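This briefing is written for reading beside the sequence and the model, and its points are grouped by topic. Please keep both in view while working through them.

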Amino acid sequence: MILNASGCLDALTAPRVARSLDAFVAKTITPEPRPGNAQPRLAESDFGLLNSIGLQNPGLDVFYAEVLPLLEELEMPLWISVGGSNAADYARICERIGERDSVDVLELNLSCPNVDPAAAGAAEIVAACRAVSGKPLYAKLSPQLPDIAEVATGVIEAGASGLSLVNSLRGLVLDEWTLEPRLARAVGGYSGAALRPVALAAVFSCYEATKGTVPIVGMGGVQSGKHALDLIAAGASAVALGSVLFGDLEAPERVRSELEEEARARGFERPSEARGAAHQPFAA
Amino acid sequence: MASPRRESRRISGSERIGMYTLLRLERGGLEPGLPGQFFMLDVPGHIVPRPFSICLAEKGELAFLVNPVGPATRELCELKRGQTIGLFGPLGNGFRTDVERPLLVGGGIGIAPFPYAAQIMGNPPIVLGFRTRRQAEAAKLIPRAEVCIEPQLVTELIPEGPIDVLACGPEPMLHAVRALAPDAQLAWEAPMACGFGACYGCVVEFEGKSRRLCVEGPVLNGRPPVLPLIDDQEEEEAGS
């Protein structure tokens, strides 16, 4: 299963690309509109891209009334990414969006590096959302958590159905001559190839901690089928594409076919059979 | 309007023009689009492509004016004839060129869309401003243009009276142009990772609203956006 990482594709400007995915993950919605951060918002670094968008979005009401109906016209599985500054914010969005049959999954963005973090703990937010919605809830976690596996088991106990691993890492790029930060907000989210081993480690340890019983969307620097297969072997049940989509509109189809080939080359009939291959078998 | 296409193209020439480089590519079946529209050019070894206005669209060729401001643009300037690069476009919204009393106003690298615009519009009046004499060498791309160098500002060359301004240049220049010609069509610039509305990197505030320059611009006050950009229809057209 190949998805996009939230915030890395707009299905309304590029429906053909969205349709080449198994599900479309919308950009994070917050209760109120957010204008996003000041320019500049992007800077390339060695091995990755730094962004500081700041969860720009039209807010829940406009999204619900104007954007969601257009996304529904795509007639494909929709995942909606949910943000906020406290548990009540997240719950409010989950309750409202969760009532739509068209929405398959609510992904809780518990880890945006470009906004001030929610004061509430991840498990508290998940529990508040679980109380108001029966939809599958995926918790998107930061790779900077000191013990991501502990947080992962906490959110699962609180009612999360799955995990999205990982969001970007905090990074800084300086101008080569002035030595000032390239981004207006100085620090931004670092994604791309450099995130790959970080994402693999997060997926690996969360798969182990949840004993392979929880669906995991692996993401971070996936550019090829082999990168996707690595995440699946570490424990991912689905893979999301992020910054690769910016320069390669054919990436979903390419990664999917490369993934099948790479899995077959290693004796797996289907990529899903490789899930957890990086782990020793669990003791019975 | 031409649908954007992603293609690989051979470099047919690369020439220094003052501090800029004019990168010429074989056009093949690519449509140049409208003046003010842009292409995303892949840069070998870099993760995301970079946006460039279409500068010239002579027979069989597309040309882009590159300002070497960082590692990626410096590498583009070093590419040699015969090498191949990927590009994607035309993207964004271009200038309305069917205006009655046109005046083209360019500042610095903001001259980039105007050689092509001048060709399409039948040599309208053009004023160009540059910081340095070396930058100003780019004015040879538009031989009939009136040119000034700082401390004189390009806005001093804008005549009074009713005119339809098409402008491209640094943000302070665009604000100054707008103060003189409130209905001016302005081409803005911001870092961009995708060119098709995905990354929200190129958002600017204009008339109280956030605009993604890649889909609603780069020319604001120009043509209305045409969405969606990348649809199934495009495949059918490309395949026909």
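Predicted model: local features only at pLDDT ≥ 70, side-chain atom pairs only at ≥ 80, totals over all residues.

The residues that cover the buried part of helix 7 of chain A come from several elements of that chain, including helix 6 (196–209), strand 11 (216–219), strand 12 (238–241) and helix 9 (251–265).

**Helix 7 of chain A**

- Helix 7 of chain A spans residues 225–234, and because 8 of its 10 residues are buried, the helix is largely enclosed by the rest of the structure.
- The buried residues of this helix are G225(A), H227(A), A228(A), L229(A), L231(A), I232(A), A233(A) and A234(A).
- Directly after helix 7 of chain A comes G235(A), which has a positive phi near 135 degrees.

- When neighbours within four places in sequence are set aside, the contacts of L50(A) are R41(A), L42(A), A43(A), G171(A), L172(A), V173(A), L183(A), G188(A), G189(A) and Y190(A).
- L50(A) and R170(A) are separated by 120 residues in sequence, while their C-alpha atoms are 8.5 Å apart in space.

**Cavities**

- Rolling a probe the size of a water molecule over the atoms shows where empty space is left.
- Strand 4, strand 6 (103–109), strand 12 and helix 8 (244–247) of chain A each give at least two residues to the lining of the largest cavity.
- Sorted by class, the lining of the largest cavity consists of 19 nonpolar, 17 polar and 3 charged residues.
- The second largest cavity, with a volume of about 30 Å³, is lined by F246(A), G247(A), D248(A) and L249(A) together with R6(B), M40(B), P49(B), F88(B), C194(B) and F196(B).
- In the lining of the second largest cavity, 7 residues are nonpolar, 1 is polar and 2 are charged.

**The second largest pocket**

- The second largest pocket has a volume of about 830 Å³, and of the 32 residues that line it, D10(A), P58(A), V67(A), Y200(B) and R212(B) lie nearest its centre.
- Two elements supply two or more residues each to the lining of this pocket, namely helix 2 (60–72) of chain A and strand 13 (209–212) of chain B.
- The largest share of the lining of the second largest pocket, 6 residues, is provided by helix 2 of chain A.
- The lining of the second largest pocket divides into 19 nonpolar, 5 polar and 8 charged residues.

**The antiparallel sheet of chain B**

- In chain B, 6 strands form an open sheet in the order 4-3-6-1-2-5, and their pairing is antiparallel.
- Strand 4 (50–53) and strand 5 (61–66) of chain B are the edge strands of this sheet, each pairing on one side only.
- On average, and with direction ignored, neighbouring strands of this sheet are turned by 40 degrees against each other.
- Strand 3 of chain B, residues 38–41, runs antiparallel to strand 4 of chain B and is joined to it by 4 bridges, with F39(B) standing opposite F52(B).

**The mixed sheet of chain B**

- An open sheet of 6 strands in chain B has the order 9-8-7-10-11-14 and mixed pairing.
- Strand 9 (146–149) and strand 14 (219–220) of chain B are at the edges with a single partner strand each, so one side of each is left without a neighbour in the sheet.
- Strand 7 (residues 102–107) and strand 8 (residues 126–130) of chain B pair in the parallel sense over 4 bridges, and G107(B) has G129(B) in strand 8 as its bridge partner.
- Helix 2 (residues 114–121) of chain B packs on this sheet, where it touches strand 7, strand 8 and strand 10 (164–168) of chain B, and its direction makes about 170 degrees with that of strand 7.
- Helix 4 (residues 171–180) of chain B lies across strand 7, strand 10 and strand 11 (185–187) of chain B, running at about 170 degrees to strand 10.

Notes: Residues numbered from 1 in each chain as written. Chains lettered and ligands numbered in written order. Heavy atoms only, no water. Pairing = 2+ DSSP bridges. Axes fitted to C-alpha atoms, helices over the stretch in contact; angles between N-to-C directions. 1 Å grid on protein atoms, 1.4 Å probe; cavity = no way out; pocket = protein on both sides within 12 Å on 5 of 7 lines; lining within 4 Å. Points joined across faces, edges and corners; volume = space filled by probe spheres on them. Nonpolar A, V, L, I, M, F, W, Y, C, P; charged D, E, K, R; others polar. Buried < 20%, exposed > 50% of the residue type's maximum accessible area, 1.4 Å probe, protein only. Contact = heavy atoms within 4.5 Å.
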